[in-house]
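Trainee: Before we begin, could you take me through this model slowly, setting each value against its definition?

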Amino acid sequence: MVLMAVTLDNIYGFNEFRINFSYPRKLRNSTIKEEFLKLRPNFKYKKAVVFMGANATGKTTFGKALNAIFGYMNTGNASAVIGSISNPEKEASFTIDFVNTNKLELIRFQTLISPSTVAGNPIHVESLYSCSEIRENDSYESCSKILDDKPLNMILPAAFSTVLGVVGFRFNFSTEQNRFDLAVIRGEKYFLDSLRAVIGTLDPSLSKIEKSEEFDDSFIITRGNSQILIQKGELQDSRNLLSTGTKEGIHVAILLAAIKQHLNGFYYCDEQFSHIQTDVEKRLFSMMIESLSDGEQLFFTTHNSDMQDLNIPKHSFAYLNKKEVDGAFKISVTFASDKLKRDTDSIKCAAENDVFDSLPDESLLDRFEEEYEDK
């Protein structure tokens, strides 16, 4: 699956929100290889996207919204999508355009969620879709126009897997520090090698990492005379021998191993480097990008301004912001390529000068400082 566009309305803090992951012109000497569909070079998509912006602008909740949507597409269970509705008294909806890479077709999937008008009755969930074959010379824009002109057909959850295909995805959120998704251990060598490389870099005192012979699906990290067990995805570290950064590193190592094995296709890495050195974050992100295969995508959220120094295309940087419009707060997105057209333009310099309108509003702090500066 390749995600091309998302529209969210009344989902978490997103209202009339739209984001597009195509890009208009072929880039010369791009550092991200093959940002187009295999056998369809005109069908361009952003293979890696770095989401930046102030706190509470939607970087994490955008990932949670996608996680709920993808889960619904795979299972037909809409409970997570319903749980993401911001105002339950209003209609909510989402629309995604994505490529079924197995069939080389662009699919538009839309779901409308209507609140119940009768007390005690369930809300109504209706899903629709349309699709278009991606021909040899098609771009996303040409296929999208075809879908604009086609009616959407109703689809029942029982038919999702047949019509939409199975969606592969992996989301890494920062909320679970001591729990790890070890589905990746089916590629045990990848996992152990990734774990040794990542947390060994973060903490050289971790001398040995190996599979447990005593417990199934378990791994042992050795520091000096102490052993720390990860058993069935649970970190057994009652003495808190591992730092917060090292725990983050375990999550990162799992994600890197999954990407190396091409297990999921779509990857969302949310704030996994808050306690990890900047240079290591940049290096690991670059390794993730280099490991992406045809038809795979990586979305990555960070507050680290040094990430803007990476030598990747300007269209890879997305800046979220939340502004008050007509009495309500609205989230919008600006890609660096929307504002910066010259190869010599500095993304970091533009961000520091708030070209992308993404810096936090500090007027309340200014007011507080002025009020108490002489007291």
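Mentor: Let us start with β6 and β7, which pair in the antiparallel sense over nine bridges. This is a predicted model, in which local features need pLDDT of at least 70 and side-chain atom pairs count only at pLDDT 80 or more, while totals for chains, interfaces and linings use all residues. Residues are numbered from 1 along each chain as its sequence is written, and side-chain values use heavy atoms, with hydrogens and water left out.

Trainee: Why are β6 and β7 said to pair?

Mentor: Two strands pair if DSSP finds at least two bridges between them, and β6 and β7 have nine bridges, so they count as a pair. In this pairing D97 stands opposite R108 in β7. The two strands form a hairpin with four residues between them, and L104 in the turn has a positive phi of about 50°.

Trainee: What makes a stretch a strand or a helix?

Mentor: Both are DSSP runs numbered from the N terminus, helices being H or I over at least four residues and strands being E over at least two.

Trainee: Why is β6 called largely enclosed?

Mentor: Buried means under 20% relative accessible area, exposed over 50% and partly exposed in between, with a 1.4 Å probe and protein chains only. Nine of the nine residues of β6 are buried, so the strand is largely enclosed by the rest of the structure. Both faces are covered, with A92, F94, I96, F98 and N100 buried on one side and S93, T95, D97 and V99 on the other.

Trainee: How do you know that F70 and F169 form a tilted pair?

Mentor: Rings of Phe, Tyr and Trp (its six-membered ring) pair if their centres lie within 6.5 Å, and planes under 30 degrees apart count as stacked, over 60 as edge-to-face and the rest as tilted. A search of the whole structure finds 27 aromatic pairs. In one of them F70 and F169 are 5.6 Å apart centre to centre with 50° between the planes, so the pair is tilted. The pair links helix α1, which holds F70, to strand β10 (residues 169–172), which holds F169, 99 residues apart. F70 is buried, with a relative accessible area of 0%, whereas F169 is partly exposed at 21%.

Trainee: What makes the pair of F109 and F160 edge-to-face?

Mentor: Their centres are 5.4 Å apart and their planes stand at 85°, so the pair falls in the edge-to-face class. F109 lies in strand β7 and F160 in helix α4 (residues 160–164), 51 residues apart.

Trainee: Why does H315 count as buried?

Mentor: H315 has 5% relative accessibility, and therefore counts as buried. The residue lies in the loop between β16 (297–301) and β17 (317–325). Its side chain makes a polar contact with the side chain of E35 at 3.0 Å, where a polar contact is a pair of N or O atoms within 3.5 Å; within protein, one must be able to donate a hydrogen and the other to accept it, and residues adjacent in sequence count only if both atoms are side-chain atoms.
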